[in-house]
Amino acid sequence: MNIFEIYLKKIKIIINDLNDKDLLKIPDKLSSITVDTTPANFKSDISTNVAMVLSKPNKKTPIEIGEIIKKKILEDADVADVEIVKPGFLNITLKPTLWNKLLETIVKKPNEFGLNKNSEKKNFIIEFVSANPTGPLHVGHCRGAILGDVVSNILKFNKHKVFKEYYVNDYGNQIINFTKSVFHRCREIIFKEKFPNDEDLYPGEYIIQISKNIIKNNPKIKFENFDSIAKQLTLLSVSESLLLIKDNLKSLGIEHDNFQSETKIVENNEVQKVVNKLKEKKYIFTGKIKAPMNEKKEDWVEREQLLFKSSDFGDDKDRALQKSDGSWTYFASDVAYHNNKLERKFDVLINILGADHAGYIKRITSSVEALSGEKNKLVCKVSQLVKLIKEGKPFKMSKRKGDYITVDDLIKEVGKDATRFIMLSRTSDVELDFDFDKVKEKSKDNPLYYVQYSYARISSVFRHINKNINDEISIKNYDFNYSNEEIKIIQKLSQWPLVIEIATNKLEPHRIPTYLYELASEFHSYWNLGKDDINKRFINNEKKISEDKIVFLKSISNVIKSGMQIVGVETPEKM
């Protein structure tokens with residue numbers, strides 16, 4: 001039950017009826033009309049801008065239009081009052097009957113509350129993490145991993161089909177250097193040969209463990225000459241690295257549906273295939289690229305290259321598909337990979353990118369538009385950097401595994417739930433401070449604790465009356481009168497479908513934990529009123545709880561649990 005959607009439909013029916021009676025003129029499109037929450041300084045429940053939208057076509061002030069529409073809205077059985085507020089908002093106050101209908105929906109159909117049944121269901125592929133398979137994941141990958149996973153959860157909640165994919169960049173110079181690092185570690189173990197002092201090699205201790213595993217499981221391999229075993233060793237090294245990465249993802253509560261190899265894309269000749277496809281569409285030509293702004297012109301050599309016309313789609317310049325030695329650029333492989341996605345018939349492609357890939361968005365979206373003939377077929381979301389803070393200072397936990405902090409380090413320090421919840425506490429396109437001290441506090445300053453504690457408090461009430469919070473409750477008649485303080489919380493519950501809708505449409509999962517924290521704050525404030533006012537307590541003097549309070553608490557707990565499941569964290573019944 002989405003009261004905002006319900007009243008938007010009702011208002012559109014009203015103005016269409018007024019238009020049919022020549023009492024109002026309405027535009028061809030009504031998409032600019034909204035029904036939203038009312039600002040905190042007003043006592044009404046919902047607000048609409050309809051009078052302001054219709055002011056210009058009717059050549060009347062929004063207040064005059066508002067008076068006409070107000071009379072019709074007041075005929076609704078669940079509406080108590082309508083106030084016209086400058087510059088022309090209609091603020092609507094609802095009757096208790098509507099709140100009871102809402103709570104009944106939340107109690108009886110918790111898994112459907114917030115679900116938009118009317119939206120077109122699509123088939124999404126979400127590519128996220130996609131870190132080079134050269135070792136375990138670090139904190140820099142963590143935020144994007146959680147962002148992609150929770151975006152997937154939101155879309156699944158709304159009954160879309162979601163396929164989660166990791167693109168394995170197992171092709172190119174970085175993989176060669178990674179394999180050489182394993183090779184030299186193997187020689188170090190077998191022949192006691194000193195590991196080379198080469199900045200291109202990977203020094204992390206995890207390379208030693210990978211090497212030991214390869215030696216143990218492949219006794220027939222001779223580590224005498226790199227070139228003779230390079231291909232086999234690359235496959236084994238990447239496989240071992242992916243095992244580390246999958247363990248890291250599992251510790252975060254993340255599981256992908258597929259790991260797509262870049263090498264297979266190249267070896268299957270898919271790059272040449274997509275180049276031919278773009279040639280047929282006349283989006284490829286041979287030309288020269290001018291020196292980048294930050295490159296000295298005297299150091300830049302202009303040469304004939306195979307170029308993609310990304311500038312036709314709003315990019316600042318055309319992009320190279322081949323290197324000087326004739327091999328494909330990384331961009332060419334990536335275009336082939338996205339063509340592979342398109343051929344799998346997904347409706348929408350979503351990429352979660354790291355902060356260093358923000359400048360890459362325009363060229364890859366241009367290629368997808370060129371290949372598909374559709375705008376916005378590919379949506380890219382950037383996950384900005386995370387700064388770790390401890391005792392008010394930048395913090396580095398470990399250098400054991402190389403020069404970075406691993407996901408495992410972070411999980412051991414604060415746990416999966418805190419990591420997931422806090423990584424989503426701000427919009428992904430701004431940097432995030434991850435404060436270890438606050439994450440461990442049992443206070444309002446720790447949003448995860450505050451939300452979980454609200455659920456645990458509700459659970460304690462149910463235990464007091466020998467009920468389990470997860471059990472269904474049997475209420476025959478939903479006809480209750482709630483106090484102003486309770487209605488304030490019910491109003492917050494009513495916003496849940498709106499939060500889900502915006503989070504889905506904008507792919508902004510941070511809205512979920514933000515909403516849950518606000519709901520928890522409202523609940524804790526109400527709970528504390530019971531310390532001074534016996535009427536605000538859930539358990540009365542006879543050690544019983546009234547039906548209206550049971551419904552009230554059950555509704556709050558259902559919404560919290562639904563939100564926490566989307567975020568991927570636990571709702572403990574005791575704390």
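Tutor: A residue is called buried under 20% relative accessible area, exposed over 50%, and partly exposed in between, with a 1.4 Å probe and protein chains only. The model before us is predicted: local features need pLDDT of at least 70, side-chain atom pairs count only at pLDDT 80 or more, and totals for chains, interfaces and linings use all residues. Residues are numbered from 1 along each chain as its sequence is written, and side-chain values use heavy atoms, with hydrogens and water left out.

Student: Is E431 buried, exposed or partly exposed?

Tutor: E431 has a relative accessible area of 33%, so E431 is partly exposed.

Student: With which residue does E431 form a salt bridge?

Tutor: Side chains of opposite charge can pair when their charged atoms come close. The term salt bridge is used when a side-chain nitrogen of Lys or Arg is within 4 Å of a carboxyl oxygen of Asp or Glu. Here E431 pairs with K387, and their closest N and O atoms are 3.3 Å apart. E431 is in the loop between α14 and β15 (432–435), while K387 is in strand β13 (residues 386–390), so that the pair links distant parts of the chain, 44 residues apart. These element names follow DSSP runs, numbered from the N terminus: helices are H or I of at least four residues, and strands are E of at least two. K387 is partly exposed as well, at 44% relative accessibility.

Student: How many salt bridges does the structure hold?

Tutor: The structure holds 26 salt bridges. One of them joins the side chains of D149 and R420, at 2.8 Å from N to O. D149 belongs to helix α5 (residues 139–157) and R420 to helix α14 (residues 416–423), so this pair ties together parts that are 271 residues apart in sequence. D149 is buried, with a relative accessible area of 3%, and R420 is buried at 1% relative accessibility. Salt bridges link D149, K164 and R420 in a network.

Student: How should I read the pairing of strands?

Tutor: Strands of a sheet pair through backbone hydrogen bonds, either parallel or antiparallel. Two strands are said to pair if DSSP finds at least two bridges between them. In this model, three strands make an open sheet in the order β8-β9-β10, with antiparallel pairing. β8 (284–287) and β10 (319–320) are at the edges with a single partner strand each, so one side of each has no neighbour in the sheet. Strand β9 (residues 305–308) is joined to β10 by two bridges, and F308 has R319 in β10 as its bridge partner.

Student: Which strands form a hairpin, and how many residues lie between them?

Tutor: The hairpin consists of β3 and β4, with three residues between them; in the turn, G88 has a positive phi of about 155°. Strand β3 (residues 79–85) pairs with β4 in the antiparallel sense over six bridges, and D81 stands opposite T93 in β4. Strand β4 (residues 89–94) is also joined by three bridges to strand β2 (residues 46–48), again antiparallel, with I46 facing its bridge partner I92.

Student: Where is K543 found, and with which residues is K543 in contact?

Tutor: K543 is in the loop between α19 (511–529) and α20 (547–567). Its relative accessible area is 57%, so K543 is exposed. Contact means heavy atoms within 4.5 Å. Leaving aside neighbours within four places in sequence, K543 is in contact with H464 and I465.
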